[in-house]
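Welcome! Take a look at the structure below, and then we will walk through it together, one topic at a time.

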Amino acid sequence: MEKYGYVGLSLVLYNFQMEKDKVKSFDLAICLLLNLTSCLSKTNDCVHVGQLFSMILGYRPKNVNALFRRAKAAVNLGKNEWACWDLMTAIEIEHNNREIWKELEEIKGVLCKDKLKDDSKNEAPIGLG
């Protein structure tokens with residue numbers, strides 16, 4: 001799988017003479033990296049998955065697929081706030097995507113529960129202690 005990723009990076013970094021060749025190679029590199037991250041997701045290598053999606057989003061910040069998959073990797077790492085951010089960004093781009101809305105609602109529910117747990121750890125509310 002490493003060689004697969006290197007091919008994608010090589011295509012992005014290669015200096016093509018024709019602009020149309022640059023665009024085609026760039027699109028191919030992004031597809032290769034998306035496929036690599038899909039493979040890594042199945043191995044639960046969430047750290048590398050997140051890094052690769054961040055790389056893809058550096059080139060294509062409005063790639064909804066990368067935002068959604070990076071959010072899922074963040075959830076697996078327990079980074080629900082990051083996941084929520086990516087999902088809200090994806091919703092801004094693709095407002096009618098039901099799968100993203102569903103995932104966002106689940107994350108919001110988890111974040112609310114986490115907030116309630118954190119609040120209940122305090123001995124007394126502010127001003128009453």
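Contact here means heavy atoms within 4.5 Å. This is a predicted model, in which local features need pLDDT of at least 70 and side-chain atom pairs count only at pLDDT 80 or more, while totals for chains, interfaces and linings use all residues. Residues are numbered from 1 along each chain as its sequence is written, and side-chain values use heavy atoms, with hydrogens and water left out.

**The overall picture**
- The protein has six helices and zero strands, where helices (H or I, at least four residues) and strands (E, at least two) are DSSP runs numbered from the N terminus.
- Of its 129 residues, 33% count as buried; buried means under 20% relative accessible area, exposed over 50%, and partly exposed in between (1.4 Å probe, protein chains only).
- Among contacts in the protein with a separation of 6 or more, 46% are accounted for by residues 24 or more positions apart.

**The nonpolar core**
- The largest nonpolar core has 27 residues, and those with the most contacts inside it are Leu34, Phe53, Ile56, Ala66, Leu87 and Ile100.
- Two or more residues of this core come from each of helix H2 (19-42), helix H3 (46-59), helix H4 (64-76), H5 and helix H6 (98-120).
- H4 gives the most to this core, with seven residues.
- Such a core is a set of buried Ala, Val, Leu, Ile, Met, Phe, Trp, Tyr and Cys residues joined through side-chain atoms within 4.5 Å.

- The 14 residues of helix H5 (residues 80-93) should span 20 Å at 1.5 Å a residue, and the end C-alpha atoms are 20 Å apart, which agrees; the expected span is 1.5 Å times one less than the number of residues.
- Buried in H5 are Asn80, Ala83, Cys84, Asp86, Leu87, Ala90 and Ile91.
- An α-helix has 3.6 residues a turn, so residues three or four places apart point the same way.
- Exposed residues Glu81, Trp82, Trp85 and Glu92 sit on the face of H5 turned away from its buried side.

**A closer look at aspartate 86**
- Aspartate 86 has its place in helix H5 and is buried, with a relative accessible area of 4%.
- Not counting residues up to four places away in sequence, aspartate 86 touches Leu67, Arg70 and Ala71.
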